[in-house]
Amino acid sequence: MHRVAALVRPPQSTFELGCTAQMFGIERAGLPVRYTFGVCTERPGPVATLAGYDMLVTDGLDALDAADTVVVPGWLPAERPPSATVVQALRRAHSRGARVVSICSGAFALAHAGLLDGRKATTHWALADELAEGFPHIEVDPDVLYVDHGDVATSAGAGAGIDLCMHLIRTDQGARYAAHVARTMVMPPHREGGQLQYSAPPHPTQIDGTLAPLLDWIAERLGEPVTIESMAAHAGVSTRTLARRFAGQLGTSPGQWLLTRRIAAARDLLESSDLPLDAIARRVGLSSATNLRRRFLTTVGTTPGAYRRTFRTKPQGAARHVPPSR
């Protein structure tokens, strides 16, 4: 059972905390429970929220000592540094092997703890310059939705916290488990592009000419030789216009979106079937086991064989009630 602890402080953003609780803290019908979830704070007791009410948090910082993942779901005001006690608790958790994660402005807490020095990180686009100026040893990327180093991860604005948590669940439990969680939340298991597409006023291409019908058409033909030219022809536009629409609506290119979908389909087949790699490669449109291995390693960071061994051997018990961790 993977233990997740959220570290909060007043005034706490309820949305960032709610994202974390929704992803790690509830049971879902038909899905084995793999996480326990708890909330802690430096001074246990009533914790004010930005929504105008207080919440009662009974656990102190010692809860971080037992956590497998520590989440800082926002840290406001960002310019107010954490206390030395909080910094020590975060460093202690990280040094003993816990994964430390921030959502939105939570990156500032991790930065003060020195956990982002010499690394790439992200935060809300409106706070990116402040983070970069205050911590010159951090490579701040204001575009991406999240950055994951394995032991430390940061997300962009509050909504991107859901993307990061979904990514962590997919990393921990596999693509099929994450897809089940996504379906219960009525959201995609993976969102394309970066946050800069949301930081500027919408362009006409983001409103007109929705790509949804085209994306459905492509998803039904992953095993076929779909090309950018055939995508454009089906949509009735030029390849240049298609590229602009993908960039405007999804923040990525048609080719990259197609590859992401093919890799996602390959992950599902690796988890759910005993098909040989050549057969999987043909089903998802990657032509050969050699091409599948190369693309999979670049995208997922491991080989198809290692991925299958990891996620085909996980115990598949029935969902059961697990009390919240203290």
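Predicted model: local features only at pLDDT ≥ 70, side-chain atom pairs only at ≥ 80, totals over all residues.
**View 1. Helix H11 and the residue after it.** Gly251 comes directly after H11 and has a positive phi, near 70°. The helix comprises twelve residues, 239–250, and at 1.5 Å a residue these should span 16 Å; the end C-alpha atoms are 16 Å apart, which agrees. Buried positions in H11 are Thr241, Leu242, Phe246, Gly248, Gln249 and Leu250.

**View 2. Salt bridge between Asp68 and Arg3.** The two side chains meet at 3.2 Å, N to O. Asp68 belongs to the loop between strands E4 (54–57) and E5 (69–73), whereas Arg3 belongs to strand E1 (residues 2–8), so the pair ties together parts 65 residues apart in sequence. Asp68 is partly exposed, at 24% relative accessible area, and Arg3 is partly exposed at 38%.

**View 3. Salt bridge between Asp65 and Arg92.** An N to O distance of 3.0 Å separates these side chains. Because Asp65 lies in the loop between E4 and E5 and Arg92 in helix H2 (residues 84–95), the contact ties together parts 27 residues apart in sequence. Asp65 counts as partly exposed, with 35% relative accessibility; Arg92 is likewise partly exposed, with 39%.

**View 4. Salt bridge between Arg99 and Asp172.** The closest N and O atoms are 2.9 Å apart. Arg99 is placed in strand E6 (residues 99–103) and Asp172 in helix H5 (residues 158–173), so the pair ties together parts 73 residues apart in sequence. Both residues are buried.

**View 5. Negative surface patch.** Glu79, Asp129, Glu130 and Glu133 form this patch. Glu133 is located in helix H4 (residues 128–134) and counts as exposed, at 67% relative accessibility.

Key
Residues numbered from 1 in each chain as written. Heavy atoms only, no water. Helix = DSSP H or I, 4+ residues; strand = E, 2+ residues; numbered from the N terminus. Expected span 1.5 Å × (residues − 1). Buried < 20%, exposed > 50% of the residue type's maximum accessible area, 1.4 Å probe, protein only. Patch = residues over 30% accessible without salt bridge, like charges linked within 9 Å, V, L, I, M, F, W, Y side chains within 5 Å. Areas by Shrake-Rupley, 256 points an atom, 1.4 Å probe, with all protein chains shown as cover. Salt bridge = Lys/Arg side-chain N within 4 Å of Asp/Glu carboxyl O. Lys, Arg positive; Asp, Glu negative; His and termini not counted. Charge placed at Lys NZ, Arg CZ, Asp CG, Glu CD.
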